[in-house]
Amino acid sequence: MSSPRTFRRAALIPTTAAVTGALLLSACGSDGDSGDGGGKAKAAAETTRRITDAQGREVDVPGTPRKVVTLSEPTTDAALALGVEPVGTTAGRGQRGVSSYLADKASKAQVVATVAEADLEKLAALQPDLILLDETTGAKKTVDKLQEIAPTVVTAKLNEDWKKSFTDTADALNKKAAAEKWLTDFDARVAATKKQLGANAGKSVSVIRWQDGAPSVVGKGDGVVGSTLRALGLTRPKDQQGASTGHSEPVSLEKLDTIDGDWLFLGTLGDRADGEKAYGEAREATNFGALRAEQDSHVVVVEGSAWNSAGGPLSARIVLDDVKEALAG
């Protein structure tokens, strides 16, 4: 870690709009002490730490970041779990606003990106002092441009273990100890829930996103859903084992039986109300009624934005709570 030094935001390069550059230059010109005691707090905020991000880049980040922008679902989730509300963030996958499961915690955040790309002009207008993202978002292709706006940290590679991604995001926010405590508490809740599964211990759990009249498999591999189910000792149907070939894997209605399990958790990319509507559509599909989970009343409608996003600690807790309510309740 380097010794503290003064942090200065770099000027924008010509690729961003002229009006954006003017905004940043104006912000840099207003850093003087107001005479009301704010100078000491500002100096503390402007000291920096040097960290190495997931791409091997050394980045000088503010010791106490105050205006954070999060450009991916996992970094938004992680920041909010640590009590940091971003000034700017990304829309949830398949949504116009912040993922519905995070909306109440990020009510003041301005959406400046989608999963595909960031709006650099809107982002720069927020005058952030730290930008966080990972390789789940298309903004990873513009890291150099983002760095010209504010210190930019890529917190995780694609398909990184979500717990490591969380702690690395926390490190960029100077809240690593808080993240480690959060994970310790979460692991304890997982262990307690596993003991409460009773007759459902070791059962097979199918996780499906039902969208546009057909199912897709989600939550495979080591992401939030897959790792949490595995930690609980639960299994997955044959076609939901191993790593995923993408964020989701479509299933044809002719092969509907492959999504069956002892339990089936079903949602969309939206909230639980969207999931209930999708479940009604699913029940109209040929052979859905033949599924064992449907016959046993073991289909559970969930907050799909949490189960089907790239995810982070808050989505992991929702997954755990939903499984506990259904299987251990």
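**Helix packing and salt bridges, asked and answered**

Modeller: Let's start with helix 7 (residues 176–195) and helix 12, which pack with their axes 11 Å apart and at an angle of about 15°. Axes here are lines fitted to C-alpha atoms, for helices over the stretch in contact, and angles run from 0 to 180 degrees between N-to-C directions. This is a predicted model, where local features need pLDDT of at least 70, side-chain atom pairs count only at pLDDT 80 or more, and totals for chains, interfaces and linings use all residues. Residues are numbered from 1 along each chain as its sequence is written, and side-chain values use heavy atoms, with hydrogens and water left out.

Colleague: What makes something a helix here, and how many helices and strands are there in the chain?

Modeller: Helices (H or I, at least four residues) and strands (E, at least two) are DSSP runs, numbered from the N terminus. The chain has 12 helices and 12 strands.

Colleague: Why are helix 7 and helix 12 called roughly parallel?

Modeller: Angles under 35 degrees count as roughly parallel, over 145 as roughly antiparallel, 65 to 115 as roughly perpendicular and the rest as oblique. Their angle is about 15°, so helix 7 and helix 12 are roughly parallel to each other.

Colleague: Which residues of helix 7 and helix 12 meet?

Modeller: Contact means heavy atoms within 4.5 Å. From helix 7 we have Trp-182, Phe-186, Arg-189, Val-190 and Thr-193, and they meet Pro-313, Leu-314, Ala-316, Arg-317, Leu-320, Asp-321 and Lys-324 of helix 12. Sorted by class, that contact has seven nonpolar, one polar and four charged residues. For those classes, Ala, Val, Leu, Ile, Met, Phe, Trp, Tyr, Cys and Pro count as nonpolar, Asp, Glu, Lys and Arg as charged, and the others, Gly among them, as polar.

Colleague: And what makes helix 8 oblique to helix 12?

Modeller: Helix 8 (residues 224–231) and helix 12 (residues 313–328) pack at about 45°, with axes 9 Å apart. That angle falls in "the rest" of the angle classes, so helix 8 is oblique to helix 12. The contact is made by Val-224, Val-225, Thr-228 and Leu-229 of helix 8 with Ser-315, Ala-316, Val-319, Leu-320 and Val-323 of helix 12. Those residues divide into seven nonpolar, two polar and no charged.

Colleague: How do you know that Glu-73 and Arg-93 meet in a salt bridge?

Modeller: A salt bridge is a side-chain nitrogen of Lys or Arg within 4 Å of a carboxyl oxygen of Asp or Glu. For Glu-73 and Arg-93 the N to O distance is 3.5 Å, so the pair meets that definition. Glu-73 lies in helix 3 (residues 73–81) and Arg-93 in the loop between strand 4 (88–90) and strand 5 (110–113), so the bridge ties together parts that are 20 residues apart in sequence. In total the structure holds 16 salt bridges.

Colleague: Lys-157 and Glu-135 form a salt bridge too. Why does Lys-157 count as partly exposed, and what does Glu-135 count as?

Modeller: Buried means under 20% relative accessible area, exposed over 50%, partly exposed in between (1.4 Å probe, protein chains only). Lys-157 has 40% relative accessibility, so it counts as partly exposed. Glu-135 has 14%, so Glu-135 counts as buried. Their closest N and O atoms are 3.8 Å apart.

Colleague: What about Arg-283 and Glu-294, buried or partly exposed?

Modeller: Arg-283 has a relative accessible area of 49%, so it is partly exposed. Glu-294, at 13%, is buried. Their side chains meet in a salt bridge at 3.0 Å, N to O.
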